[in-house]
Each structure stands twice: as structure tokens, then as C-alpha cells.
Amino acid sequence: MKVFVGPRLRRLRKEKKQTQGQMGQALGISTSYVNLLEKNERSVSVPVLLKLLEVYGVDWRDIADDEDTAQLADMRAALQDPLFEADHADLTQLRAALAHSPDLATAFLRLHRAYLAATDQLLSVSEQRNPEAGRPGVSPEAAVHTFFRRRKNHFAELETAAEAFWGDQRVEPDDIYATLKARLHDRFGITVRVVAVDELPGALRAYDETRRQVTLSRALDHPNRVFQLTHICGLIEQKETLDKLLDEADVADPRGKSRCHVELANYFAAAVLMPYGAFLSEATASKYDFAHLAARFGVSFEQACHRATTLQRSGARGVPFFFLRIDKAGNVTKRFNATDFHLAEYGGACPRLDIHTSFRTPGRINTQFVEMPDSSRFFVFSRTVDRPSVTRYAQDLRLAVAMGCSVDDIGSIGYAEGLAMTGEQITPIGINCRICPRQQCDQRAHDAVVLTDPLDTRRRGATRYDH
């Protein structure tokens with residue numbers, strides 16, 4: 001098989017501030033051969049790949065990876081936008097674009113995200129929700145999601161740090177809370193207090209660096225108290241690693257940077273509480289029974305679901321999942337993705353997703369087969385999760401989470417056992433109404449933003465947006 005590494009080789013050379021002649025000398029090849037490799041006019045040989053590892057410390061699997069799965073999925077999703085209705089590029093063309101012009105592909109995705117952000121803000125202005133809004137930009141949540149997608153929702157640096165967290169100490173799940181309190185006190189002089197809800201109004205956890213004190217609200221259940229203390233340990237002990245990843249994220253907006261910082265510390269905490277190897281082994285053995293995984297590792301159902309999306313280590317991958325969380329109004333409050341499924345970035349999720357019906361059956365798993373406009377199919381299961389209630393006046397603070405994977409992986413998922421994936425059982429869905437091309441959908445809540453046909457005044461469809 002021929003392997004082309006042109007753009008990546010050029011990027012490596014520029015990072016090292018070398019000329020083609022200098023790189024050729026370092027690799028023991030001619031300047032003209034380096035030039036041909038960078039233009040993808042020659043495939044790279046195994047000896048040269050091995051020399052790249054020896055000279056530059058670059059894993060050949062990284063430089064020879066000629067299709068970034070996450071970016072390919074993002075490009076396919078972007079081209080589902082009705083804006084490109086007449087210009088659909090096939091998979092071969094997209095792969096060629098990524099192989100030969102990765103910088104151009106990145107610029108295309110950045111432009112499309114800016115277009116979506118501008119469209120969303122213009123809609124907000126037209127509806128007078130935010131008339132004083134400034135220049136359109138990427139939301140903090142979108143910036144975090146983009147960074148995590150670029151890393152395929154996996155951070156090897158944080159996994160390595162998490163595996164070294166306990167050292168030779170063996171700590172059972174029941175003892176983690178006490179052990180974390182002792183660790184914070186003995187190593188950093190930090191005390192932990194659990195206080196009444198009214199002593200920490202409007203918050204669940206606070207860390208006072210000056211007083212060296214972590215305060216936890218009694219509204220937090222035990223798994224979440226453990227998670228918050230592990231999160232604090234991550235902020236303190238992994239500061240250098242977190243700062244390095246934040247620099248890599250290249251998020252300029254202060255709110256986006258703060259959100260990214262929090263999510264990276266959350267990632268570390270999850271990796272400590274659910275060690276990669278043990279969690280993957282238990283997930284595989286239980287066929288991804290998340291109630292079982294939550295009980296086994298002493299975490300919440302939501303935390304176990306979220307952790308499953310990060311199991312993307314090379315050579316030890318789990319089933320790729322997407323994770324989606326919504327509130328009762330349908331707003332997307334959290335999303336992480338290791339699949340080709342494109343999650344809603346603006347507005348709510350598709351109303352045809354059964355995640356919305358989970359609120360009718362709290363605590364029960366709902367299953368569904370869905371098909372996207374590009375004909376890709378996924379198995380989705382959803383369930384409600386409870387949020388901490390801080391007063392008797394704030395009850396039923398449920399959210400709903402959905403996990404989804406390609407139908408190719410349903411043999412590994414226990415929730416799919418006994419289900420038949422027939423035509424009638426597959427629900428056509430879209431990303432969300434504002435960009436979904438399914439005009440005859442009986443759940444449509446908005447007209448598509450662009451390229452919609454004029455409304456036929458002589459006809460009344462299933463909805464007032466049915467043209």
C-alpha cells in the first residue's frame with residue numbers, strides 16, 4: 001500500500017525550521033526526494049518512516065495517518081448543510097482533500113463554523129433575543145467541542161498522568177474519598193469541608209487557594225463529592241500538563257479557555273476514577289452496561305457514559321460513542337463525540353431523537369435506530385439523570401443523556417440485544433431543524449436557514465414549514 005505524507009512532512013519540517021536540504025541530509029535522502037515527498041509525487045518508504053522516528057521522534061503511525069477521522073467526519077457533516085445541496089463531494093474526494101490539502105480543509109471547516117455562528121447570531125438578533133450582541137464568534141462550548149474532536153476525544157497525556165496518580169498505592173472505590181482528603185491535606189495543606197446548602201449558595205463546590213480550603217455542598221451525592229476532589233487534585237497536580245494542552249487548544253476567548261480548562265480537569269478526574277484498562281475490560285465484558293459500570297467504579301451513570309467516549313487509545317480502542325445531554329427544554333447542555341455523528345452545535349437536538357421522550361420514563365433506557373440525511377445509521381440509547389437539588393423549591397432537576405454508536409458496533413452493545421433493525425424501526429433524523437434538509441418532517445420547528453423552496457399557499461402540510 002502506498003503511503004503519502006506530503007503536507008504532514010512539510011509541517012514537520014517547518015516546525016523544525018529546516019530547509020528541504022537540511023531535512024534531506026538528516027534523513028539521508030536527496031533534497032529533490034524531500035521535495036517530491038512534500039508534493040505527494042512519491043510515496044514514502046518504510047526505511048524513511050523509520051528514519052523519521054529515529055531523527056525526529058515522530059511515530060510513523062502519526063505521520064502516515066492520511067485520514068484524520070474526526071476531520072473527515074466534520075467535513076461530511078458540514079457538506080450536509082443545505083448550502084451545499086448541489087455540490088456534494090463524495091468520500092474519495094474528501095479523503096483526497098485531507099491528504100493533499102489538509103490546511104485548506106481546516107480553513108473550510110473554520111469558515112463553515114463561522115458561518116453557522118454568524119447565522120445563529122443573526123437569527124438571535126432578528127428575534128430580538130440579544131439586540132446588543134457584538135461580533136459573531138464561536139461559543140465557549142463550541143470551542144471546547146472542536147478541540148476535543150480534533151484530539152478524537154482522547155488525551156494520552158492525561159491518561160498517562162491518571163495511571164500514575166496512585167503510584168503503588170491500591171485504593172478501593174469505597175476508600176477513595178477519604179484517601180483524596182488525606183492526599184490534599186498531607187501534600188498541599190488543603191482541608192475539605194462539607195457544608196449545608198445555604199452556606200454555599202448557588203454553588204456545589206468552591207476552592208479557596210488563599211485559605212487552602214475546598215468546600216463541598218451537601219447537595220452533592222457521594223460519587224460527585226469524590227469526582228470534585230479528584231478534579232481539584234487534577235487542577236493542582238497537573239497544572240503544567242493542563243496549561244500545555246490549553247496552549248495547544250488555541251482558544252483565545254477567556255470564557256472558552258476557562259471552559260476548556262474545566263473539561264480537561266474533568267477528563268483527568270474521570271481517568272483517575274475509571275482507569276483506562278480496567279474500565280475498557282469491564283465495559284467490554286458487560287457489553288457497555290452503564291448502570292453496572294457506574295456501580296463497579298463508584299461513579300454516576302453520566303460519568304460512566306462520558307468516560308466511554310474517551311476510549312480511543314491506539315491499539316486498545318473501545319466502541320466509538322457520541323454523548324449528548326439535554327435539558328427538558330431540549331437545549332444541548334453537553335456533547336462529546338468519537339463518531340461520525342454530527343451533534344447539534346446551535347439550537348436543540350433533533351426532536352425525532354428519543355432522548356426527548358426519556359423524561360416520560362425517568363431512569364429507564366430508551367433505544368432507537370436512526371438514519372442521518374447522508375444515510376449513515378446509528379444505534380442510540382438514552383436515559384434521564386438527576387441533578388443536585390439545593391432547595392425544596394428546585395425539584396425534578398432532571399437532564400437526559402444519549403449515547404450513540406454506528407450500527408456496525410451493535411453486536412458489542414447489550415442494550416441492542418433482541419432488537420430488529422428493520423426499515424420501519426429506523427427513524428430518519430437530522431442535526432437540527434435549522435439546517436436539516438428533510439422538509440416533509442412532521443416534527444419540523446423551523447424553516448431551514450438557506451435554500452428552502454417557497455411555501456405553497458395552496459397546500460397545508462403536516463407542519464406550517466412543510467413546503
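Colleague: Is Thr-339 buried or exposed?

Modeller: Start with the cut-offs: buried means under 20% relative accessible area, exposed over 50%, and partly exposed lies in between, with a 1.4 Å probe and protein chains only. Thr-339 has a relative accessible area of 7%, so Thr-339 is buried. This is a predicted model: local features need pLDDT of at least 70, side-chain atom pairs count only at pLDDT 80 or more, and totals for chains, interfaces and linings use all residues. Residues are numbered from 1 along each chain as its sequence is written, and side-chain values use heavy atoms, without hydrogens and water.

Colleague: Where does Thr-339 lie?

Modeller: In the loop between β7 (332-337) and β8 (366-371). Helices (H or I, at least four residues) and strands (E, at least two) are DSSP runs, numbered from the N terminus.

Colleague: Which residues is Thr-339 in contact with, leaving aside its neighbours within four places in sequence?

Modeller: Contact means heavy atoms within 4.5 Å. By that rule, Thr-339 is in contact with Ala-73, Arg-149, Pro-320, Phe-321, Phe-322, Phe-378 and Gly-404. The side chain of Thr-339 also makes a polar contact with the side chain of Asn-337, at 2.8 Å. A polar contact is a pair of N or O atoms within 3.5 Å; within protein, one must be able to donate a hydrogen and the other to accept it, and residues adjacent in sequence count only if both atoms are side-chain atoms.

Colleague: Now helices. Which residues of α16 are buried?

Modeller: First the general idea. An α-helix has 3.6 residues a turn, so residues three or four places apart point the same way. In α16 (residues 290-297), the buried ones are Phe-290, Leu-293, Ala-294 and Phe-297. They cover an arc of only 100° around the axis, so they sit on the same side of α16. The arc is that of the directions from the helix axis to the C-beta atoms.

Colleague: What covers the buried residues of α16?

Modeller: The cover includes α14 (254-273), α15 (276-285), α17 (301-308), β9 (377-386) and β10 (398-406). Asp-289 caps the N-terminal end, with a side-chain oxygen 3.2 Å from the backbone nitrogen of Ala-291. Gly-298 follows α16, and its phi is positive, near 65°.

Colleague: Which residues are buried in α2?

Modeller: In α2 (residues 20-27) they are Met-23, Gly-24 and Leu-27. Their arc is only 100° around the axis, which puts them on the same side of α2. Their cover includes α1 (6-15), α3 (31-38) and α4 (46-56). Just after α2, Gly-28 takes a positive phi of about 75°.

Colleague: How many aromatic pairs does the structure hold?

Modeller: It holds 18. Rings of Phe, Tyr and Trp (its six-membered ring) pair if their centres lie within 6.5 Å; planes under 30 degrees apart count as stacked, over 60 as edge-to-face and the rest as tilted. Phe-279 and Phe-297 form a tilted pair: 5.3 Å centre to centre, 50° between the planes. Phe-279 lies in α15 and Phe-297 in α16, so this pair ties together parts 18 residues apart in sequence. Both Phe-279 and Phe-297 are buried. Phe-290 and Phe-381 form a stacked pair, with 6.0 Å between centres and 25° between the planes. That pair links distant parts of the chain: Phe-290 in α16 and Phe-381 in β9, 91 residues apart. Phe-290 is buried at 0% relative accessible area, and Phe-381 is buried at 2%.
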